Amino acid sequence: MRASLLIYLLFVLSLMTARDAQGQDTLSKKEKRQQVRARKIQEGKFLITPLAGPAYTPELGFTIAGSVLTSWRMDKSDTLLQRSSAPFNIGWGSTGSYFLASRATIFFKHDKYRLYSDLWYKDMEDNYYGIGYDAGLNTPKSDSTTQYRRLWFQLYPRLLWQFKKGFFAGGILDLNYTKGDEESVGVAADPTYQQYNNRPFNSGLGIMFQHDTRDVAVNAWKGIFLEAQVAFYTGVLGGDNVYQVYSFDARKYYAISKEAHTLALQLRGRFAVGDVPYGEMSQLGTPFDLRGYRWGQYRDKCMLFGIAEYRHTFYNKTNKPGKCGMVGWLGTGSIGQDPAEFKNWLPNGGLGFRYEVQPRMNLRLDYGLGRGSSGFYFNFNEAF
């Protein structure tokens with residue numbers, strides 16, 4: 001009996017030892033994965049993060065989106081060079097919409113050059129309210145007044161050269177296409193829609209200047225960003241319309257109390273002149289400004305908006321910025337034929353959750369509120 005009991009105890013002890021060893025192996029595997037990832041980051045190697053999730057925006061309805069965030073360092077030997085990034089989003093909306101979007105930010109040659117590139121494609125059931133604040137506010141949304149189907153494409157690269165530390169200059173190419181179809185009676189009767197819907201393609205060339213002292217471009221904790229652009233749209237590259245767009249973007253990032261607690265401020269204006277088609281009017285309500293409004297409900301030749309956003313990153317046990325954070329913002333914006341018409345201001349506010357999926361690159365979940373509308377946004381990197 002004693003021999004049997006001793007054998008049993010030895011058997012149990014061996015199982016416990018094996019289990020502990022297995023736990024140590026699992027832990028060591030996890031640690032190894034972390035070490036491999038840390039080494040990849042340090043060496044500037046390519047990282048890819050796939051995600052999928054639901055969202056709701058006023059113009060797309062309930063949405064299922066698949067997203068991929070890619071990042072890398074163009075020169076692996078240059079440890080001071082920011083990581084380039086290119087998020088891709090593809091999805092389907094309950095209104096019958098299909099979309100593809102990407103906003104790449106690429107740094108190369110020791111930050112001597114920067115390439116920003118936006119790519120958009122949407123085929124969607126949409127609503128067109130007309131031009132101006134009153135049209136956006138008072139036109140009832142229905143299948144007889146605002147509904148139509150819109151096909152939209154844009155390729156918008158900007159190449160910059162750093163001619164002095166923190167100062168950049170470069171060129172703009174903008175190719176975009178907006179074509180409406182299956183329009184309701186109300187949309188078909190709109191004079192701007194009648195004038196431009198059969199002239200859907202626009203091509204523009206321009207110049208831009210930047211002053212940038214942000215620590216990280218896609219998720220700044222400190223620094224300033226100033227940008228001015230002018231673009232001329234003509235028939236040189238096959239465009240159907242002739243107009244000009246002038247814009248500026250001013251941002252300031254303040255560290256509040258400690259690192260990763262940031263007050264981000266933005267003031268942005270866009271001013272179009274000439275024969276501006278309805279798809280190229282200045283519009284509020286994008287995922288990058290007054291989140292919560294229907295994108296395109298409020299449109300006119302000119303636009304101005306301001307946002308104040310507080311970004312709070314929770315600290316981990318080592319008293320360092322962790323992976324999770326929260327944001328809250330307040331904003332307002334106005335539209336008009338010219339700046340003298342900036343009299344009616346749209347209120348905006350919201351809350352958001354952040355989760356770091358790659359170094360200083362966040363998954364962004366935002367819920368925004370506007371006048372009579374709201375939206376839930378699923379995206380990568382900060383709104384501004």
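Biologist: How many bridges join strand β4 to strand β5?
Modeller: This is a predicted model. In it, β4 covers residues 97–108 and β5 covers residues 113–127. The two strands run antiparallel, and the bridges that join them number 11.

Biologist: Which residue in β5 is the bridge partner of Tyr98?
Modeller: Tyr98 has its bridge partner in β5. β5 spans residues 113–127. The partner is Asp123.

Biologist: What is the phi of Lys109 in the turn?
Modeller: β4 and β5 form a hairpin, with four residues between them. Lys109 sits in that turn. Its phi is positive, at about 55°.

Biologist: Over how many bridges do β5 and β6 pair?
Modeller: β5 also pairs with β6, in the antiparallel sense. The pairing of β5 and β6 runs over 15 bridges.

Biologist: Is Leu160 buried or exposed?
Modeller: Leu160 lies in strand β6. It touches residues including Tyr113, Phe168 and Met208. Buried means under 20% relative accessible area. Leu160 has 0%, so it counts as buried.

Biologist: What distance separates the C-alpha atoms of Leu160 and Ser142?
Modeller: Leu160 and Ser142 are 18 residues apart along the chain. Their C-alpha atoms are separated by 44 Å.

Biologist: Which element gives the most to the nonpolar patch?
Modeller: The surface carries a nonpolar patch of Tyr113, Leu159, Trp161, Phe163, Phe167, Ile207 and Phe209. Together they have about 650 Å² of accessible area. The elements giving two or more residues are β6 (147–164) and β8 (201–212). With three residues, the one that gives the most is β6.

Biologist: Why does Ile207 count as partly exposed?
Modeller: Ile207 sits in strand β8. Buried ends at 20% and exposed begins over 50%, with partly exposed in between. Ile207 counts as partly exposed because its relative accessibility is 44%.

Biologist: What is the relative accessibility of Leu173?
Modeller: Leu173 is in strand β7, residues 167–181. Among the residues it touches are Leu155, Leu205 and Leu237. Leu173 counts as partly exposed, at 26%.

Biologist: How far are the C-alpha atoms of Leu173 and Leu369 separated?
Modeller: Along the chain, Leu173 and Leu369 are 196 residues apart. Their C-alpha atoms are separated by 33 Å.

Biologist: How many aromatic pairs does a search of the whole structure find?
Modeller: A pair of aromatic rings is described by the distance of the centres and the angle of the planes. The search covers the whole structure. The number of aromatic pairs is 18.

Biologist: What kind of aromatic pair do Tyr148 and Tyr193 form?
Modeller: Tyr148 is in strand β6 and Tyr193 in helix α4, 45 residues apart. Tyr148 and Tyr193 are both buried. Their rings lie 5.9 Å centre to centre, with 85° between the planes. The pair is edge-to-face.

Biologist: Why is the pair of Tyr233 and Tyr243 stacked?
Modeller: Tyr233 lies in β9 and Tyr243 in β10, 10 residues apart. Both Tyr233 and Tyr243 are buried. Planes under 30 degrees apart count as stacked. The ring centres are 4.4 Å apart, and the pair is stacked because the planes are at 5°.

Biologist: Which residues do ring pairs link into a cluster?
Modeller: Ring pairs can be followed from one ring to another here. They link these into a cluster: Trp120, Trp152, Phe288 and Trp295.

Note on methods: Residues numbered from 1 in each chain as written. Predicted model: local features only at pLDDT ≥ 70, side-chain atom pairs only at ≥ 80, totals over all residues. Heavy atoms only, no water. Patch = residues over 30% accessible without salt bridge, like charges linked within 9 Å, V, L, I, M, F, W, Y side chains within 5 Å. Areas by Shrake-Rupley, 256 points an atom, 1.4 Å probe, with all protein chains shown as cover. Salt bridge = Lys/Arg side-chain N within 4 Å of Asp/Glu carboxyl O. Buried < 20%, exposed > 50% of the residue type's maximum accessible area, 1.4 Å probe, protein only. Contact = heavy atoms within 4.5 Å. Pairing = 2+ DSSP bridges. Phe/Tyr/Trp six-rings, centres within 6.5 Å; stacked < 30°, edge-to-face > 60°. Lists of a residue's contacts leave out its neighbours within four places in sequence.
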